[in-house]
Amino acid sequence: MARQKFFYTLFFILIIGARPSSAQITKIDAEDLVQLKQLEDSLVITADSMLNTGIPDDRISYGVRFTKYLRAAMDIPESYNYPFDSLSKRIHVIYPDDKSFRIFNWMVAPTNTLRRYYGAIQQPDGKYFPLKDHSEALEAEAETAITSNERWYGCEFYKIMAQNIQGQKSYLTYGFSANGPSSNKKILDVLTFTGNGVTFGAPIFMMPDNKGQRLMTKSRVILEYKKSAKVSLNYDDSKKMIMFNRLASEINDPNRKNTYAPTGQTDGLRLENGQYIFVKDAIQILKLQDGQAPINGVMSGG
């Protein structure tokens with residue numbers, strides 16, 4: 001019950017950091033600026049304990065204290081213009097290339113194997129949207145569901161890209177999840193602002209089905225793989241494509257995602273007519289015959 005209360009408490013706590021100019025900071029009242037600096041000091045100390053203490057139950061207690069400081073900071077006028085430079089070294093503070101909003105994002109480990117992700121989106125006008133990790137409940141429909149900020153597929157964001165998709169301004173979010181005791185995930189999602197708030201997911205990804213026989217529409221892309229594997233999912237500006245490692249089970253069991261690892265091949269997604277279409281072997285691999293070797297990029301007999 002204490003952990004559940006902790007998770008819901010974190011959901012309602014919001015604070016965002018960024019890299020505003022000194023001119024923006026001067027918009028903050030002098031007394032408010034002093035208070036924000038004091039709160040940041042408290043946030044940094046509490047965040048260190050929340051993230052690093054060796055006793056899982058203590059992480060919960062520090063997390064509750066952390067959320068109280070966050071609430072106090074967000075209640076201060078013009079807090080959006082405060083950089084939170086020190087705090088941003090402890091948690092994720094990320095914004096898209098067009099600087100139209102920012103996301104405050106962090107992870108708490110309430111047990112040695114369980115991970116919970118938290119965050120909030122804040123816009124320049126002060127409007128904000130809390131992010132509630134709902135990934136466990138979404139598992140059955142993880143790749144097809146259209147969700148809200150209250151039913152977010154939780155992760156740690158590492159890239160946000162502004163995109164014009166089907167005539168609508170959207171954002172591709174790239175994230176990582178330490179999914180469980182034996183597997184990790186890379187997640188490609190779509191964030192869109194609507195009249196009612198925020199949605200995640202959009203039916204724009206044409207990806208192979210589990211057997212690789214046909215393309216099917218997905219609302220987000222989830223790459224799950226074993227803990228020890230290194231998997232890439234990112235945008236390649238030179239190729240104008242989203243690039244990612246092809247994965248396969250090392251024991252030929254497609255149902256056991258914790259046995260998946262990169263095959264050495266790289267696939268991609270290319271934006272065409274408002275959809276991201278799967279591109280097999282986006283990076284070509286040179287296959288040699290016996291006795292052949294590439295010489296200055298030209299195939300020659302042995």
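1. **Ground rules.** This is a predicted model, in which local features need pLDDT of at least 70, side-chain atom pairs count only at pLDDT 80 or more, and totals for chains, interfaces and linings use all residues. Residues are numbered from 1 along each chain as its sequence is written, and side-chain values use heavy atoms, with hydrogens and water left out.

2. **β7 and its partners.** Helices (H or I, at least four residues) and strands (E, at least two) are DSSP runs, numbered from the N terminus. Two strands count as paired if DSSP finds at least two bridges between them. On that basis β7 runs antiparallel to β8, with 7 bridges joining the two, and a hairpin of 5 residues leads from β7 to β8. β7 also pairs with β6 in the antiparallel sense, over 9 bridges; here Asn164 stands opposite Lys169 in β7. The β6 and β7 hairpin has 2 residues between the strands, and Gln166 takes a positive phi near 55° there.

3. **How enclosed is β7?** Buried means under 20% relative accessible area, exposed over 50%, and partly exposed in between (1.4 Å probe, protein chains only). Strand β7 (residues 168-177) has 7 of its 10 residues buried, so it is largely enclosed by the rest of the structure.

4. Strands of a sheet pair through backbone hydrogen bonds, either parallel or antiparallel. Here an open sheet of 4 strands has the order β1-β2-β3-β4, with antiparallel pairing. The edges are β1 and β4 (128-132), each with a single partner strand, so one side of each is left without a neighbour in the sheet. On average, neighbouring strands of this sheet are turned by 15° against each other, direction ignored. Within it, 7 bridges join β2 (residues 102-108) to β3 (residues 116-122), and Val108 stands opposite Arg116 in β3. Helix α4 packs on the sheet and touches β2, β3 and β4, its direction making about 170° with that of β2. For such angles, axes are lines fitted to C-alpha atoms (for helices over the stretch in contact), and values run from 0 to 180 degrees between N-to-C directions.

5. What does Ser86 touch, not counting residues up to four places away in sequence? Its contacts (heavy atoms within 4.5 Å) are Glu40 and Val44. Ser86 sits in the loop between α4 (56-74) and β1 (92-94) and is partly exposed, at 32% relative accessible area. Its C-alpha atom is separated by 9.8 Å from that of Lys37, 49 residues apart along the chain.

6. **Salt bridges.** With a salt bridge taken as a side-chain nitrogen of Lys or Arg within 4 Å of a carboxyl oxygen of Asp or Glu, the count comes to 13. Asp189 and Arg220 meet at 2.9 Å, N to O. This pair links distant parts of the chain, 31 residues apart: Asp189 is in strand β8 (residues 183-194), and Arg220 is in the loop between β11 (215-218) and β12 (221-226). Both partners are buried, Asp189 at 3% and Arg220 at 0%. Arg151 and Glu141 meet at 3.6 Å, N to O; Arg151 is partly exposed at 30%, as is Glu141 at 34%. Arg246, Asp267 and Asp281 are linked in a network of salt bridges.

7. **The largest pocket.** A pocket is found on a 1 Å grid over the protein atoms alone, as an open set of points where a 1.4 Å probe fits, with protein on both sides within 12 Å along at least five of seven lines; lining residues have an atom within 4 Å of a point. Grid points are joined across faces, edges and corners, and a volume is the space filled by probe spheres set on the points. The largest pocket has a volume of about 970 Å³. Of its 29 lining residues, the closest to its centre are Pro208, Asp209, Asn210, Lys257 and Tyr260. The largest share of the lining, 5 residues, comes from β14.

8. **Asp209 again.** Asp209 also forms a salt bridge with Arg214, the closest N and O atoms being 3.8 Å apart. Asp209 counts as buried at 15% relative accessibility, whereas Arg214 is exposed at 54%.
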